[in-house]
Amino acid sequence: MKSICLIGFMGSGKTTLGKELAKKLDAVFLDTDEEIIKWREMDIPEIFQLEGEKRFREYETEVLKGLPQKNTVIATGGGIIEAKMNRDILKNDFFTVYLKTSFEEIKQRLASNKNRPLWNQEMEKKEQLYDSRQYIYEECADQIIQTDDYSAERIVQMIMKSIVQQ
Ligand SMILES: Nc1ncnc2c1ncn2[C@@H]1O[C@H](COP(=O)(O)OP(=O)(O)OP(=O)(O)O)[C@@H](O)[C@H]1O
Ligand SMILES: O=C(O)C1=C[C@@H](O)[C@@H](O)[C@H](O)C1
């Protein structure tokens, strides 16, 4: 099986669904944020604060390049699509699923967030970031799923159905 990359804005459900999907497929689950945290031995707010967002984006590319292209389900960081090289990798090497979620829903899901530096800014800026990324996620995706009205279980089923049809 070609590895599956889940992309989408913070709070779209990449980690939650990725773990469930990996269980169902008996595949390995990886999370690019977690891979960076292990490698750099720092959490994400620390990396942003001490090294800056630009460096964090470089780490994302390094991690993405080294991921297994078979039998793995990968939850990606919300901004993985910012770099052109990452977009090319997502399009060419993985089955990429965009978990599309409305901004209203994301606000509810991340109401008690602490660990996402780009969520800790003014609402207007977050909405601008959300708007600016929508078409980029879409451009990279083999499958787009609107997650607002579906349970995690149902979304996992939808992804499994489209893999079988591959
Ligand atoms: N389909 C869904 N319906 C309702 N709630 C959901 C759904 N998917 C995820 N959630 C909830 O939304 C929150 C954020 O989910 P999760 O951490 O999986 O998002 P993420 O895309 O991995 O975020 P990030 O990229 O910021 O790590 C969690 O509390 C999770 O339980
Ligand atoms: O949307 C983003 O740019 C980010 C999302 C998180 O998953 C982390 O990768 C980090 O906080 C940046």
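In which helix is the place of Thr15? Select Thr15 and you will find Thr15 in helix H1, residues 14-25, where helices (H or I, at least four residues) and strands (E, at least two) are DSSP runs numbered from the N terminus.

Before going further, note that this is a predicted model, in which local features need pLDDT of at least 70 and side-chain atom pairs count only at pLDDT 80 or more, while totals for chains, interfaces and linings use all residues. Residues are numbered from 1 along each chain as its sequence is written, and chains are lettered from A and ligands numbered from 1 in the order in which they are written.

**Stop 1**

Not counting residues up to four places away in sequence, Thr15 touches Asp31 and Ala75, a contact being two C-beta atoms, placed from the backbone, within 7 Å. Thr16 is also placed in helix H1, and with 17 other C-beta atoms within 10 Å Thr16 is partly exposed.

The UniProt record (unreviewed entry) puts the feature "binding site" at Gly11, Ser12, Gly13, Lys14, Thr15, Thr16 and Arg116; UniProt positions are given in the numbering used here, feature names are shortened, and annotations may be inferred rather than shown by experiment.

**Stop 2: the two ligands**

Select ligand 1 next: of the 19 residues around it, Met10, Gly13, Lys14, Thr15 and Thr16 come nearest, where a residue is near if its C-beta atom, placed from the backbone, lies within 6 Å of the molecule. H1 and helix H8 (152-164) each supply at least two residues of this shell, and H1 gives the most, with three residues. By class, the shell around ligand 1 divides into five nonpolar, ten polar and four charged residues, with Ala, Val, Leu, Ile, Met, Phe, Trp, Tyr, Cys and Pro counted as nonpolar, Asp, Glu, Lys and Arg as charged, and the others, Gly among them, as polar.

Around ligand 2, select Met10, Asp33, Ile44, Gly77, Gly78, Gly79, Arg116, Pro117 and Leu118, which divide into four nonpolar, three polar and two charged.

**Stop 3: strand E1**

Move to Ile7 in strand E1, residues 4-7, which is buried, with 30 other C-beta atoms within 10 Å. Leaving aside neighbours within four places in sequence, Ile7 is in contact with residues including Thr76, Leu90, Tyr137 and Cys140.

**Stop 4: helices H2 and H4**

Finally, select helix H2 (residues 32-40) and helix H4 (residues 53-65), which pack at an angle of about 105 degrees with their axes 10 Å apart; axes are lines fitted to C-alpha atoms, for helices over the stretch in contact, and angles run from 0 to 180 degrees between N-to-C directions. That makes H2 roughly perpendicular to H4, a term covering 65 to 115 degrees. Here Thr32, Glu35, Ile36 and Arg40 in H2 meet Tyr59, Glu60, Val63 and Leu64 in H4.

Notes
Angles under 35 degrees count as roughly parallel, over 145 as roughly antiparallel, 65 to 115 as roughly perpendicular and the rest as oblique. A residue is buried if 20 or more other C-beta atoms lie within 10 Å of its own, exposed if 12 or fewer, and partly exposed in between; C-beta atoms are placed from the backbone.
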